[in-house]
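Have the viewer open as you read.

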Amino acid sequence: MAYDYEYLKKEVLALTAIDLNCYKQNQMKRRIDTLIAKNKIVGYDNYVQGLKNDSKLFDEFVNYITINVSEFYRNPEQWKLLDEQIFPELIKKFGKNLKIWSAACSTGDEPYSLVMALSKHLPLNNIKIYATDLDKQVIAKAKLGLYGEKSIAAVPAEFKSKYFTKVGPSYKIADEIKARVEFKEHNLLKDTYPTEYHLIVCRNVLIYFTEEAKEEVFRKYYKALAKGGVLFIGSTEQIITYKEIGYERKNSFFYQKP
């Protein structure tokens with residue numbers, strides 16, 4: 001018997017602590033069915049057995065469903081606003097040792113972009129970014145710091161020449177940038193959130209979540225921010241209930257805790 005998708009969700013939660021109920025079902029089920037077919041496995045029961053017994057299959061599954069699409073300086077106009085308005089305001093308010101969390105950081109493009117962007121305002125040794133992701137494989141890639149040409153296309157020329165070295169077809173980010181980021185595994189839907197952050201960046205991740213899960217995460221981010229702290233979200237997202245939660249909207253992608 002192949003069992004059904006409800007069975008798969010229950011088993012995945014037990015195996016990985018990833019709650020598939022928090023993701024849009026049609027979209028996620030389609031992704032998983034594609035992956036199962038690619039591995040030529042018939043039925044969810046056989047696939048679950050494979051996840052339990054084959055570490056390679058398990059790692060592939062986690063990597064696939066956590067949807068890792070990232071690039072440096074994604075949506076450059078938003079980074080311009082961060083550079084010209086948000087960073088100066090935060091430094092004026094909180095000083096030079098800003099607490100910044102890059103949540104669901106994927107392969108490191110975002111936290112490394114934050115270090116470079118902030119380096120225009122502060123010395124590197126004042127910069128520390130806390131970066132988290134659910135997927136240990138992408139954290140490993142982030143720590144390695146090797147990127148394709150497409151990933152770094154939007155990096156400002158001054159930083160591209162200063163902080164990237166060509167290695168074959170790839171580009172390696174400088175150790176001095178890598179040293180400013182601390183990576184850790186973290187499940188947004190399950191784990192405790194850190195607190196008193198001046199800036200939280202979480203972009204183009206929650207679009208895959210249900211409305212209820214999104215609401216829960218935005219409320220947790222609000223609690224995780226210091227008073228006067230800012231949440232920076234993606235261009236595909238919006239916080240419909242931001243007033244109800246307590247945020248003040250600075251513009252489409254930046255929300256402040258008063």
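Two strands count as paired here if DSSP finds at least two bridges between them. Keep in mind that what you're looking at is a predicted model.

With that in hand, look at the open sheet of 3 strands, which runs in the order S3-S5-S4 with antiparallel pairing. Strand S3 (146–147) and strand S4 (164–167) are the edge strands, each pairing on one side only. S3 meets strand S5 (residues 170–173) in the antiparallel sense over 2 bridges, and Tyr-147 stands opposite Tyr-171 in S5.

Around here there's also a greasy bit of surface: Leu-144, Leu-146 and Val-167 form a nonpolar patch, with about 240 Å² of accessible area together. Leu-144 comes from helix H7 (residues 136–144).

Now for the rings. A pair of aromatic rings is described by the distance of the centres and the angle of the planes. The structure holds 19 aromatic pairs. Take Tyr-112 and Phe-183: their ring centres are 5.8 Å apart and their planes sit at 80°, so this pair is edge-to-face, because the cut-off for that label is over 60 degrees. Tyr-112 belongs to helix H6 (residues 109–118) and Phe-183 to strand S6 (residues 181–185), so the pair ties together parts that are 71 residues apart in sequence. Are these two buried or exposed? Tyr-112 is buried, with a relative accessible area of 0%, and Phe-183 also counts as buried, at 11%.

For another geometry, go to Phe-232 and Phe-254, a stacked pair with 4.3 Å centre to centre and 15° between the planes. This pair, too, links distant parts of the chain: Phe-232 is in strand S8 (residues 225–233) and Phe-254 in strand S10 (residues 254–256), 22 residues apart. Phe-232 counts as buried, at 0% relative accessibility, and Phe-254 is buried at 0% as well.

Last stop: charges over rings. Which ring does Lys-99 lie over? It's Tyr-197, with Lys-99 over the face at 4.6 Å from the ring centre. Lys-257 lies over the face of Tyr-222, at 4.9 Å from the ring centre.

Terms used. Residues numbered from 1 in each chain as written. Predicted model: local features only at pLDDT ≥ 70, side-chain atom pairs only at ≥ 80, totals over all residues. Heavy atoms only, no water. Patch = residues over 30% accessible without salt bridge, like charges linked within 9 Å, V, L, I, M, F, W, Y side chains within 5 Å. Areas by Shrake-Rupley, 256 points an atom, 1.4 Å probe, with all protein chains shown as cover. Salt bridge = Lys/Arg side-chain N within 4 Å of Asp/Glu carboxyl O. Helix = DSSP H or I, 4+ residues; strand = E, 2+ residues; numbered from the N terminus. Phe/Tyr/Trp six-rings, centres within 6.5 Å; stacked < 30°, edge-to-face > 60°. Buried < 20%, exposed > 50% of the residue type's maximum accessible area, 1.4 Å probe, protein only. Lys NZ or Arg CZ within 6 Å of the ring centre and 35° of its normal.
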